[in-house]
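Subject: Structure handover

Hello,

Here is the structure I promised to pass on.

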Amino acid sequence: GYQRRVRGFVSMPQTPETAPVSEAEKEKIYTLVFELTNPDKRESALLELSKKRETVPELAPILWYSFGTVAALLQEIVAIYPLLSPPKLKAHASNRVCNALALLQCVASHQETRMQFLNAHIPLFLYPFLNTVSKTRPFEYLRLTSLGVIGALVKMDDPEVINFLLSTEIIPLCLRIMESGSELSKTVATFIVQKILLDDTGLNYICATSERFPAVSTVLSNMVNVLVEQPSQRLLKHIIRCYLRLADNHKAREALRTRPFLPEAFKNGTFDLKDDQPTKRWLNQLLMVLSENSQGGSLSSSSSSGVNSSSSHSIPLPMSSLSGPSPPLSGLMGAPSHLAGSSTQ
C-alpha cells in the first residue's frame, strides 16, 4: 500500500531485486501505457500501472519516452486544480490523480529519467497540492502523495536535485505541513528537510539569513513540543537528525547553544529512547556538541542582529523569505499512489 511506499523513502531501504519481466508482461505494460493517451481507458490504465511500479524496473523510461504519456499524466493533474479552492476534492478524484502521480514518482526515482524530470520543472506541478490546508482525507492523501514524489527525488542524494529544490518554495511548504499535517505527512516533510540539510548547499542556504534558520528551528521545536503529548519515535528521529545537522554550521550551533531554539524536552530526558539506540546516540551527540565551547557568528549575511529569539509559536514568514524567486504557483500541482482502502490519521 501507499503508506508502505512512503515508509520506504523515510527509512531508505535498499531496492530489492526484481524478477525478470516476461515478454507477455512487457506487452501488457506497453498496452497500458498506450491506453494512458485514451481518455476512455486512462483511469483503469493508471490503476494497473501504479500497481506495477515496483515490479517493472524500466517502467520509468517507458513512461517518459512514450509519445504523449507525460502530457496525459499532466492532464490528470491539471484537471484537479479547480477542486482545490474552494476545497471540493472527493475520494474518487483524489485516488485517480494519486495513481497518476505514482507514475511520476516512478519517473522521479529512476536514474535515467530523474534529471529530465527536473529539467522539465515537473515538480512544480506538485506545489499547489502541498499548499492546500483542508484536513479532509482526499486532501491529506493528495499532500502525502505529493510529498512522496519529492521524497523520491531527495532520497537519491543528488546535489542537482537539492539545487533545484532550493530555487523553489519547497522549504516553506514542508514547514507548513510539518506543523499542521498528519503524523505520516509530517514525517515525510521532515525527511525532505533533513535531506536538504544533509547537503552542504542546503545547510548553508538555511543558515544564511536571520529569517530562514529561526523559521526552520521554530517549527522543529514546536513539533517536539507536540511529540511530548503525542509520541512518534519515527518522526522524532528525523527531527533530531535535522538538529544534529544544523549543529554542523558554526553559526547555527552557537544559536542553538545560546538562544531558546533547542527544546527543553531534549535536555531534561523527556523522551524514553532506550528501545531506539541510534536515535538515542544522535540526541546524545547533539547535546554533547552543543555543550562544547566554541566561537560562533551571526546567522545573518546582511544583518548585525543575527538570529532573533523566537517564541514557541510559528513564525508567519512569507514563503519568499525562505526560498529563492517564487515559482508561478497559480496553475500547478502533483501526487502519487493508489489510496483506495487506505487509512490515515
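Ile 177 is found in helix 11. Helices here are DSSP runs of H or I with at least four residues, strands are runs of E with at least two, and both are numbered from the N terminus. Ile 177 is buried, at a relative accessible area of 3%. Buried means under 20% relative accessible area, exposed means over 50%, and partly exposed is in between (1.4 Å probe, protein chains only). Leaving out residues up to four places away in sequence, Ile 177 touches Leu 130, Arg 143, Leu 147, Ser 185, Lys 186 and Ala 189. Contact means heavy atoms within 4.5 Å. The C-alpha atoms of Ile 177 and Val 219 are separated by 10.0 Å, and these residues are 42 apart along the chain.

A word on the source. This is a predicted model: local features need pLDDT of at least 70, side-chain atom pairs count only at pLDDT 80 or more, and totals for chains, interfaces and linings use all residues. Residues are numbered from 1 along each chain as its sequence is written, and side-chain values use heavy atoms, with hydrogens and water left out.

Next, the helix pair. Helix 11 (residues 170–180) packs with helix 12 (residues 183–198) at an angle of about 145 degrees, and their axes are 8 Å apart. Axes are lines fitted to C-alpha atoms, for helices over the stretch in contact, and angles run from 0 to 180 degrees between N-to-C directions. From helix 11, the residues in this contact include Ile 170, Cys 174, Ile 177 and Met 178. From helix 12, they include Ala 189, Ile 192, Val 193 and Ile 196. By class, the contact has 9 nonpolar, 3 polar and 2 charged residues. Ala, Val, Leu, Ile, Met, Phe, Trp, Tyr, Cys and Pro count as nonpolar, Asp, Glu, Lys and Arg as charged, and the others, Gly among them, as polar.

Now the core. Ile 170 and Phe 266 touch the most other members of the largest nonpolar core, which has 100 residues. Such a core is a set of buried Ala, Val, Leu, Ile, Met, Phe, Trp, Tyr and Cys residues joined through side-chain atoms within 4.5 Å. Helix 6 gives the largest share of this core, 9 residues. Beyond its neighbours within four places in sequence, Ile 170 contacts Tyr 127, Leu 130, Ile 150, Leu 165, Ile 192 and Ile 196.

Helix 5 (residues 69–78) is largely enclosed by the rest of the structure, because 7 of its 10 residues are buried. Those residues are Thr 69, Val 70, Ala 72, Leu 73, Leu 74, Glu 76 and Ile 77. They pack against helix 2 (23–35), helix 3 (42–50), helix 4 (59–65), helix 6 (91–109) and helix 8 (127–130).

- Pro 86 lies between helix 5 and helix 6. The peptide bond from Ser 85 to Pro 86 is cis, with omega near 0 degrees.
- His 121 sits between helix 7 (114–119) and helix 8. Its phi is positive, near 60 degrees. His 121 is partly exposed, at 40% relative accessibility.
- Asp 157 lies between helix 9 (137–154) and helix 10 (159–166). Its phi is also positive, about 55 degrees. Asp 157 is exposed, at 53% relative accessibility.

Finally, the whole chain. The protein chain has 18 helices and 0 strands. Of its 345 residues, 53% are buried.

Best wishes
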